[in-house]
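Please look at the charged side chains in the model below, and at how they pair.

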Amino acid sequence: MRKNKGMLGGYDADSNYVGLSYLSGEYETTYLDPSFQRNGGVERGSGWTKAQSTAYMSNLINHKTCNLVIRASVEHCLAYAKAQKDEESLEYFTKVDNEGYEFVSIDGNNSSSTIHHFLQDKVEAFEPLSGKKKKFSNFSEVEQNDIRFVDKITVLDLRKISYKEMCYLFRNLNTQTKLNAQEYRQAMPTELSKFVRELANSEAARKMFRNMIYSKSSDLDQRSHEEFIAKYCLKIDSNYTKSITKKPLDSMYENQSDLDDNVKKHCKKILNEVIKISDEIGDKQTQKLKIGVAFLLFDLIAHVDEQGYLIKDHEKFYEAFLEMDAELEHASKSVIQEEVKEKSYSEWLRLLTDPACYNSSRYAIQTFFSVRLEELLKQNVVKRRRTSRDQFNFEDKKALFSLQDAKDRNEDKIRILDLYFGKYEADHVVSVRDGGKTELSNAELMKKEDNRKKGSSSNEPYFEHQMEFGF
């Protein structure tokens, strides 16, 4: 006959019935891990609403509710990880321990947060007799002592649980509760979930999402920005062939432990370009982008990169993108009802999760970009990316040394040693931006500092070898 080890006994659970004051005191040393939990709690303005917190405290002090707080004991779990030679858990609990935490929250953070903040007068409760809402300090001294020391809650401290087991336990405990779809996906201890979390939650990325896409902090707390990144990863990973709806997203998280390195590199690169736009415009944008338009911005930047161009002026590029979007929206108004699905940009954005629709909108904005490309090049909003084919090599420099009779266009003497010292560069007389070719007839040796001053502008021909080849 098996011995009953009690609730979660498989994790060596230590069950204690503790006073609210005691639990509140340990709240500050309890780590809320965003890798598998929402950054909720009273202090973050997310998780439970004020009304829910008030209702919970009222029921708790009136002995009309029953719930658990479940935590991992950092000290014990660290020792367990060492004994099990679990390197992942050892690294995890060592880091948490070094940050000064004694526990890791697994379940019941909203309860702990509400209790902690009620005792600090930041949450109210209904007074049992009058039914009026009162802060903790408005209760009598006797009532305060009863609340702090007599009213109690059950706390389970798990002493033998690994990092991965914590993540899976969190998911299992919240199967019936209010985890949203992305919270559930992200509670997977995989490289995929880690990549999405870290990419979406850098300080610069969070700032970008607030500046351009989401108007409320609670959207980020509920992982809307992580779902956005996950959907973009799915588009790139599937080469724009999969629907970015719940089922394909769930499947990606359940069946892939990681993304291909090229996919991750691509997503990082495009996000960094959008962040540069955000840095340029700051927090001035009161009208946020619709999600479909935001995806389209990512898609257009990817197209610009694939076509071999660099964005030079991010604010003007963004302005051009918004103009293209507005004109395509306007053109949709003239599409007759029978042809909406085939020809309406607005309809494609409305059905943004369908690959046929998001690809149609993607091709539409790419076509518009092609029409405006020459204009954007002239305005120096974008420029053609230089590759190794656009660069002269050292043998070209030696040839130019002879062709220029060891002088630059200022008639200053060029020492051969200075070529080897890297003091001179081979420049395009007609710049690559203006269509200049990488050949000796379009080349010229000049001092490095003079080349920097010239930038991407073009010069008139000066040397005989430039005249001979069609200038």
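This is a predicted model: local features need pLDDT of at least 70, side-chain atom pairs count only at pLDDT 80 or more; totals for chains, interfaces and linings use all residues.

Residues are numbered from 1 along each chain as its sequence is written, and side-chain values use heavy atoms, with hydrogens and water left out.

Student: How many salt bridges does the structure hold?
Tutor: Side chains of opposite charge can pair when their charged atoms come close. A salt bridge is counted where a side-chain nitrogen of Lys or Arg lies within 4 Å of a carboxyl oxygen of Asp or Glu. On that rule, the number of salt bridges in the structure is 25.

Student: Is E273 buried or exposed?
Tutor: E273 forms a salt bridge with K276, with the closest N and O atoms 3.2 Å apart, and both residues lie in helix α14 (residues 261-281); helices are DSSP runs of H or I with at least four residues, strands are runs of E with at least two, and both are numbered from the N terminus. Buried means under 20% relative accessible area, exposed over 50% and partly exposed in between, with a 1.4 Å probe and protein chains only. Because its relative accessibility is 16%, E273 counts as buried.

Student: Which residue does D427 meet in a salt bridge?
Tutor: The N to O distance in this salt bridge of D427 and K454 is 3.0 Å. The pair links distant parts of the chain, 27 residues apart, with D427 in strand β10 (residues 424-428) and its partner in helix α22 (residues 448-454). Both side chains belong to buried residues, and the partner of D427 is K454.
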